[in-house]
Amino acid sequence: MTRDLPPLRSPAGPDSPSYGSITPRQSNDNIGEGASTPLIRSRKNSSSGSSTRYSFGSGIRRRRDGSYTRSPTSRRPRQSEELGGSTTIVGLEGRFGTTETPLLNDPVDGVVLEEDDDDRSYVFDSEADEEEDPPDNSPYPQRAHIIPLERRGRLDRVRLWLAQGRWNEKEHSCVYVSSNVSFGFAFATDVIVEQTQFYKQEATITYQLLLTLSTQILGYAFAGLTRRFLVRPSGMIWPGTLMSAAMFTTLHKEENKEANGWRISRWKFFYVVCLGAFLFYFLPGLLMPALSYFNVVTWFAPDNVVVANLFGVVSGLGLFPLTFDWAQVAYIGSPLLTPFWAAMNVVGGLVVVMWIAAPIAYYSNWLYSSYMPILSAAVFDNTGNVYDVSKVLTADFLFDREAYSKYSRVFLPITYVLSYGVQFAGLASLITHTVCWHGRDIWTQWKRSLEETAGEPKGTYQPVSEPGERRASSGLTRSSLSIDNLMSREDVHNRLMRRYKDAPMLWYLLTFVSMTAIGIFVVEYYPIHLPWYGLLLALGICTILFIPIGIIMAVTNQHSSIYLICQLIAGMLFPGRPVANMVFVTYGYISSAQGIKFAADLKLGHYMKIPPRILFAVQLVATTVSSLTQIAVLNWMFANAINGFTCPIARVHFNGSILWGVVGPKEFFGPGATYRPLVWAFAVGAVLPIPLWLYARRRKDSILRKVNLPVLFGSLGWIPPATGLNFSVWAVVCYVFNYLIKRRAPQWWAKYTMTLSAALDSGLAVGIVVVFFGFVYSGVMKGFSWWGTEVYKRGCDWQACAYRGVPEGGRFGPEVW
């Protein structure tokens with residue numbers, strides 16, 4: 001039976017608004033006339049028993065005899081087609097033309113295709129060779145006029161090559177991963193700063209490049225090798241990454257639903273907040289720094305030591321949590337990205353350790369702490385002055401025992417002492433907590449990973465648990481915090497990722513072996529005084545603790561550091577070698593820290609369905625480029641001798657190299673040592689998680705399930721260089737947004753909170769760059785001074801006064817050491 005052809009119509013002319021576009025298909029009846037429509041999936045009612053079918057418009061052409069044909073070739077949709085669920089046109093027509101009206105989703109009569117087992121979609125190309133182009137005055141849709149690529153200019157061809165389809169969230173995510181890798185500083189640069197500026201040791205460009213590249217890329221190998229444990233399970237949610245994924249998805253959607261009366265779109269909200277944050281930073285960052293260091297309580301009694309100790313924000317405990325500088329608020333990470341229950345663990349540790357225990361110990365002069373500031377990133381000698389490490393080192397940067405006995409022991413401020421204590425406890429509790437709550441899952445996944453390596457087909461993802469497998473719960477139920485059986489649950493994203501070829505495990509193994517070889521060359525060739533087996537030991541520590549640290553980070557968004565344990569072990573095995581201690585810590589701690597960051601990016605790729613091989617290349621190239629860039633900037637800073645940089649983190653690392661590399665753990669924790677009591681923190685941290693687990697494992701509604709001791713203890717490792725203000729104001733902001741606003745305006749919180757965090761961070765970053773290079777480095781603000789730039793410096797808070805003074809010519813502490 002023949003169908004009536006539609007009326008003849010002329011092609012659109014240049015004056016028509018649809019000139020150069022594709023004429024849409026008006027109805028199903030026109031399918032025979034070659035109307036073009038993309039692949040449309042239609043599902044029949046499952047109750048009818050019919051299978052899933054596909055209907056086709058594009059690629060289906062009616063022969064002149066009335067029969068239908070289709071191209072024998074097929075291809076997958078582009079990434080931009082798969083996203084957003086909207087119907088798009090692909091190929092040159094999709095690039096240079098758009099439809100005037102939405103395409104219809106009606107199936108083609110009589111042309112169906114059964115769904116394949118792997119649930120793949122197909123788009124069929126039209127057989128251009130089968131028929132000539134239709135004449136102008138015909139019912140066939142007219143093709144847009146395309147300028148051949150060879151007739152285009154070079155810049156135009158480059159533009160077309162770059163514009164491979166519509167900008168989408170997958171491309172956005174890849175750019176974010178690249179920038180995220182580049183944004184964080186390389187720890188190896190701090191080692192270079194300490195070697196060149198503090199120890200006055202020469203560091204060649206080749207040494208800097210090899211050290212930086214090997215330490216940065218080793219972390220990526222750890223992340224890739226532990227994907228089955230930290231990326232694929234659904235329980236590993238990575239709160240910060242999940243929120244980033246949600247932001248990308250929403251930013252690329254055109255919908256703008258009202259949220260508690262707010263109608264502004266996320267894009268406009270981002271622009272407004274980012275611009276406002278950028279402009280506002282000129283106040284605390286340049287014109288009135290007192291708004292950043294807002295120690296307003298000390299302004300009324302600047303010389304009162306007790307007031308400065310309790311309410312100061314530079315050398316005090318920060319009991320008045322108020323600042324107008326987002327850089328101070330987000331110093332330990334954005335509070336908007338941390339779950340409220342995890343933030344309460346941090347606050348609990350802050351209150352108990354820093355706001356209760358620290359003042360009691362300080363004013364009772366425990367461990368001679370009253371002769372030093374209550375909070376400082378420096379270490380001191382027995383006269384109350386900053387420790388002069390050059391007095392106890394030989395010309396080869398080795399420990400001089402005789403000079404040390406004539407000079408002084410090393411003394412720590414009380415917050416430094418307590419920080420070490422809670423880090424000891426946090427490290428021990430990390431292991432115990434992981435074994436109690438996640439030990440069974442880790443063992444199960446470890447056995448499956450061995451099976452995966454031995455027998456899985458190459459290049460495919462595999463489900464975390466076998467189909468139909470049900471895990472015995474042994475009476476345990478999943479809590480609201482998802483701390484039971486985190487790794488044994490199948491992830492829907494894992495199933496969707498099976499269509500992509502996986503990055504082979506061999507790639508990560510080769511990366512690990514090559515970077516380890518470079519590291520061995522670095523420690524053996526250059527005067528670091530660290531043997532090759534010391535490097536392997538550092539990597540072994542990272543290997544053992546990487547998965548427990550990753551689990552805590554994936555669940556709570558709080559990072560547990562192994563920095564201190566690496567310093568302690570290096571100090572015990574290689575005493576009197578400060579540079580060896582720093583390099584040992586770099587390969588042990590930074591491989592862990594960078595690996596956690598890379599694992600978070602792998603999870604982002606998991607959420608956003610980025611092909612693993614593409615993500616591998618993106619991370620590796622970005623890491624290499626960022627490492628080279630940071631070395632170049634660092635040497636530029638050395639050459640230009642920029643003033644005003646205090647490098648607080650490098651100073652803390654330098655102090656650690658003195659404590660553990662020069663003096664050694666024996667002088668601190670051996671028999672008769674000043675800080676021997678801190679050793680008991682290991683036992684306390686190892687035991688405490690056990691009774692909590694025994695009590696809370698069967699009580700899913702118990703508040704004790706929300707107590708996470710590794711987070712409670714480990715988060716305070718930021719002090720120093722962080723101050724009490726950084727923690728207290730961080731907690732207040734987290735409470736306001738992630739508790740109050742989330743409960744009272746949930747739609748607003750879900751729509752704008754992540755965008756707000758990104759906008760504040762972006763505005764701050766741009767503001768810091770503009771203020772420094774535009775006003776500080778250029779000298780424009782030289783000599784600028786008024787009350788707002790000086791008031792916070794007047795008094796004991798800025799001067800870091802001690803509660804007890806050392807008499808002239810006197811000293812404190814033991815007489816013999």
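Predicted model: local features only at pLDDT ≥ 70, side-chain atom pairs only at ≥ 80, totals over all residues.
Side chains of opposite charge can pair when their charged atoms come close. The structure holds five salt bridges, and Arg 227, Arg 232 and Asp 502 are linked in a network of them. Asp 502 pairs with Arg 227, with the closest N and O atoms 3.0 Å apart. Here Asp 502 sits in the loop between helix 17 and helix 18, while Arg 227 belongs to helix 7, 275 residues apart. Asp 502 also meets Arg 232 in a salt bridge, at 2.7 Å from N to O. Because Arg 232 lies in the loop between helix 7 and helix 8, this pair ties together parts that are 270 residues apart in sequence. Asp 502 has a relative accessibility of 5% and so counts as buried; Arg 232, at 2%, is buried as well.

Another salt bridge joins Lys 406 and Glu 402, with 3.3 Å between the closest N and O atoms. Both residues lie in helix 15, four residues apart, or about one turn of the helix. Lys 406 is exposed, at 64% relative accessibility, and Glu 402 is exposed at 51%.

Turning to helix packing, the axes of helix 5 and helix 21 come within 10 Å and cross at roughly 175 degrees, which means that helix 5 is roughly antiparallel to helix 21. Residues in this contact include Phe 187 and Val 191 of helix 5, and Met 582 and Tyr 589 of helix 21.

Finally, a nonpolar surface patch covers about 770 Å², with Phe 280, Leu 322 and Trp 787 among its residues. Trp 787 is in helix 30 and is partly exposed, with a relative accessible area of 42%.

How values were computed: Residues numbered from 1 in each chain as written. Heavy atoms only, no water. Patch = residues over 30% accessible without salt bridge, like charges linked within 9 Å, V, L, I, M, F, W, Y side chains within 5 Å. Areas by Shrake-Rupley, 256 points an atom, 1.4 Å probe, with all protein chains shown as cover. Salt bridge = Lys/Arg side-chain N within 4 Å of Asp/Glu carboxyl O. Helix = DSSP H or I, 4+ residues; strand = E, 2+ residues; numbered from the N terminus. Buried < 20%, exposed > 50% of the residue type's maximum accessible area, 1.4 Å probe, protein only. Axes fitted to C-alpha atoms, helices over the stretch in contact; angles between N-to-C directions. Parallel < 35°, antiparallel > 145°, perpendicular 65-115°, else oblique. Contact = heavy atoms within 4.5 Å.
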